[in-house]
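Thanks for coming. I will go through one structure, and you can follow along on the screen.

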Amino acid sequence: MAMASSDYNRHISDDDNITEKDRLLTSVASYGANACVADQRPADLEGSLLQQQLEHEEEELRRKMKYFFMSPCDKYHAKGRKPYKLGLQLLKIVIVTVQLVFFGLSNQMVVTFKDENTEAFRYIFLKDYQYDPDSPLAVHTQSEVYDHINYAIDQYLSLANTSVGRYAYVPDVGVNGSALTLCQHYYKKGHIDPVNDTFDIDPHVITDCIGVNPPPDPTAPLTQDYKNFTLKFHKLINVTIEFQLKAINLQTIINNEIPDCYTFFIAILLDNQAHSGRVKISLQNQATIQECRDPNISGHADSYARVAFDVIVAVVCVLSLLLCGRSILRGVLLQHEFVQFFRQRLARTVCWGDRMEFINGWYILLIVSDVLTIIGSFIKIGIESKGNASYDLCAILLGTSTLLVWVGVIRYLTFFQKYNILIVTLRAAFPNVIRFCCCAAAIYMGYCFCGWIVLGPYHVKFRSLSTVSECLFSLINGDDMFATFSEMEHSSTLVWVFSQVYLYTFISLFIYMVLSLFIALITGAYDTIMQQTQEQSHVTELHAFIAQCTDTPCSGKFRGAEPTSCSLFCCFDQDG
C-alpha cells in the first residue's frame with residue numbers, strides 16, 4: 001500500500017516537472033492563452049447547448065404549425081389517429097338532412113291545411129267569390145253591401161249543414177259573450193255636400209257592434225236580428241265580421257303523427273275608407289295550433305322514434321360544437337405562440353393577414369350551424385310532443401343550419417387544388433365585388449324610390465318599395481319585361497312617357513353595364529388566380545416559415561409523446 005502511494009506521488013512529481021519545463025520553453029503569450037482557452041470551454045459548451053435548444057424549439061414550432069395546417073388525411077398519416085371529426089361531420093350532414101326532410105313533410109301538411117281552409121272560407125262566406133289576384137272582390141251599391149253581410153252571417157249560422165269540412169263554433173269570443181261580432185266603424189261626424197263643394201268631418205272613429213250566436217240545435221230556425229243592423233254609409237269607414245272556428249288536421253296520421261287541433265281566427269272586411277263608391281271585400285284567416293284533448297287513434301301506438309332521433313341529432317351537434325370550438329382555441333393559442341416567437345427571436349411583428357390564417361372560418365360556420373341545429377331540434381321536439389307550434393321558426397332554423405352544413409362540405413374540397421378554384425376566386429373577388437355592389441346599390445335605390453312615387457298609383461308592381469325592388473330585380477335578370485311595359489298603357493300620357501324612359505334607362509344601365517361589369521370582376525379574379533398558379537406566387541412569412549420544415553407526414557416525426565391523462569376531447573384529436 002505504501003509502495004503504491006509512493007509510485008503515484010513519483011508519477012505526479014514527474015508530470016509536474018515535465019509541465020513546468022514545457023512551460024518555460026514556451027512563450028509567455030502561449031502560456032497565458034492556454035489558460036484562457038481552458039477557462040472558456042465550459043462557456044462555449046453552455047452556449048452550444050442553448051443554441052441547440054433554441055433550434056430544437058424552433059423546429060418543433062414549425063412542425064406543430066405544419067401539422068395544424070395539414071388536411072385530415074395528412075394528419076392521419078402524421079400521427080396515425082383516425083379522423084373522428086371528419087367522420088362526425090359526415091354523419092352530421094346525413095342526419096341533419098334526414099331530420100330536415102322529416103320536418104319538411106310535416107310542415108308542408110300544416111301549411112297546406114291552413115291555406116286550403118282559408119280558401120274554403122272565402123268560397124263559403126264571401127258571396128260570388130272567384131279567385132282573381134288582379135281583381136279583388138268589390139261591391140258598388142248599398143244593397144250589395146247588405147247582401148254580402150247577410151250572406152256571410154247566414155253561411156256562418158248554417159255552417160254545420162253546408163260545409164264539407166268539420167268545423168265547430170267557438171263561443172264567448174265576441175261582443176257581449178257572443179260567438180260572432182258584426183261591427184261598423186264610422187266618423188263621429190260626417191257631412192259631405194258635393195253640390196256646394198263643402199264637407200264637415202270629425203275624424204274621431206266610432207265603433208258600433210252587435211253579437212250573433214249560432215243556434216244550439218242545427219235544425220232550429222236561424223235568428224234574423226242582425227238584419228236590422230243599419231249602416232251609416234255617408235260616414236262609414238269599414239264593416240268587420242269576426243268569429244272563430246275549430247278544426248282538426250287528420251292528414252298527419254299519414255306520417256305516423258298525432259293530429260293537431262286548430263283554431264281559426266276569421267275576419268271579413270268591407271273596406272270603404274276611400275269613399276270612392278267601391279267597397280272592397282276581403283277575408284283574412286289566422287290559425288293557432290294546440291294539443292288535442294284525449295287523442296285516441298285505434299291501432300296506433302305512441303311512437304317516440306322521431307323524438308329520439310332529434311335527441312341524437314342534438315347530441316351529435318353538441319359534440320361537433322365542442323370539437324370545432326376546441327380547434328379554434330388551439331388555433332388562437334398557436335397564433336399567440338407564433339407571434340411571440342417572431343417578436344422575441346426575430347424582433348418582428350406578424351401581419352394581421354398571417355394572424356387570421358390561424359382562425360379557421362369554416363369552424364365558425366360549423367359552430368353557427370350547430371347552434372341553429374340544436375335550437376331547431378329542441379323546438380322540433382316540442383312540436384312533436386305538442387308542447388308548441390312554432391313551425392315557421394323551426395323551419396327557418398333547420399333550413400339555415402342544413403344550408404350551412406352543406407356549404408361546409410366545400411372546406412374539405414379545398415384541400416384539392418382543382419376543386420379549390422371556386423373558393424379562391426370568391427375570396428379574391430370579394431373585396432372588389434362589395435365595393436362595386438355599394439356603388440350599384442345607390443343607383444338601384446334611386447330607381448326604386450322614383451318608380452314607387454311616380455308609377456306606384458298606376459302599376460301594381462310599383463305599389464310598395466318591396467314590390468318595386470322585386471320588379472326591378474326581375475327586370476335585371478330578363479324576367480317579365482313585356483308585362484311590365486304593357487301594363488303602363490292604361491296610365492296618363494305624361495306618366496306613360498316617363499315610364500318608357502324610366503324602364504329603358506334602367507334596363508340598359510343595369511343589364512348592359514352594371515351586370516356586365518359585375519361578371520367582369522369575377523372573371524378578372526379567376527384569370528388572376530389561374531395566372532398565379534402558372535407563375536411563382538407571393539409567399540407570406542407564415543408559409544415561408546412553415547416551408548422550412550421538410551418533414552413529410554409519413555416521416556414519423558409528428559408522433560409526439562402521448563399525454564398521460566385522457567379526457568373527452570383527446571379521444572377526438574384534431575383531424576381537420
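How many aromatic pairs does the count come to? This is a predicted model, and in it the count comes to 27 aromatic pairs. I will take one of them as an example. A pair of aromatic rings is described by the distance of the centres and the angle of the planes. For Phe 113 and Tyr 262, the ring centres are 4.8 Å apart and the planes stand at 50 degrees, so this pair is tilted. To count as stacked, the planes would have to be under 30 degrees apart, and to count as edge-to-face, over 60.

Where do the two residues sit? Phe 113 belongs to helix H4, residues 84-125, and Tyr 262 to strand E6, residues 260-271, so the pair ties together parts that are 149 residues apart in sequence. Both Phe 113 and Tyr 262 are buried. They also belong to a cluster linked by ring pairs.

Next, charges over rings. Arg 306 lies over the face of Phe 102, and the distance to the ring centre is 5.2 Å. In a second case, the ring is that of Trp 352, and the charged end of Arg 355 sits over it, 4.8 Å from the centre.

Now the helices. Two packed helices are described by the angle between their axes and the distance between the axes. Take helix H9, residues 361-384, and helix H10, residues 391-407: their axes come within 8 Å and cross at roughly 150 degrees. Angles over 145 degrees count as roughly antiparallel, which makes H9 roughly antiparallel to H10. The crossing of H9 and H10 is left-handed.

H4, the helix that holds Phe 113, also crosses another helix. The partner is helix H7, residues 305-345, and the two axes come within 10 Å, at roughly 140 degrees. H4 and H7 are therefore oblique to each other. Their crossing is left-handed.

Helix H3 covers residues 72-79, and its buried residues include Pro 72, Lys 75 and Ala 78. On which side of H3 do they lie? They cover an arc of only 115 degrees around the axis, so they are on the same side of H3. In general terms, an α-helix has 3.6 residues a turn, so residues three or four places apart point the same way. Just after H3 comes Gly 80, with a positive phi of about 75 degrees.

That brings me to the backbone. Most residues other than glycine have a negative phi. Which way does the phi of Asp 128 go, positive or negative? Asp 128 is not a glycine, yet its phi is positive, at about 60 degrees. This residue lies in the loop between H4 and strand E1, 138-139. Asp 128 is exposed, because its relative accessibility is 59% and the cut-off for exposed is over 50%.

Asp 172 also has a positive phi of about 60 degrees without being a glycine. Its loop runs between strand E2, 168-169, and strand E3, 180-193. With a relative accessible area of 60%, Asp 172 is exposed.

Is Cys 439 buried or exposed? Its relative accessible area is 54%, so Cys 439 is exposed. Cys 439 and Val 514 are 75 residues apart in sequence, and their C-alpha atoms are 9.9 Å apart in space.

Terms used
Residues numbered from 1 in each chain as written. Predicted model: local features only at pLDDT ≥ 70, side-chain atom pairs only at ≥ 80, totals over all residues. Heavy atoms only, no water. Phe/Tyr/Trp six-rings, centres within 6.5 Å; stacked < 30°, edge-to-face > 60°. Helix = DSSP H or I, 4+ residues; strand = E, 2+ residues; numbered from the N terminus. Buried < 20%, exposed > 50% of the residue type's maximum accessible area, 1.4 Å probe, protein only. Lys NZ or Arg CZ within 6 Å of the ring centre and 35° of its normal. Arc of directions from axis to C-beta. Axes fitted to C-alpha atoms, helices over the stretch in contact; angles between N-to-C directions. Parallel < 35°, antiparallel > 145°, perpendicular 65-115°, else oblique. Left-handed = near helix turned anticlockwise from the far one by under 90°.
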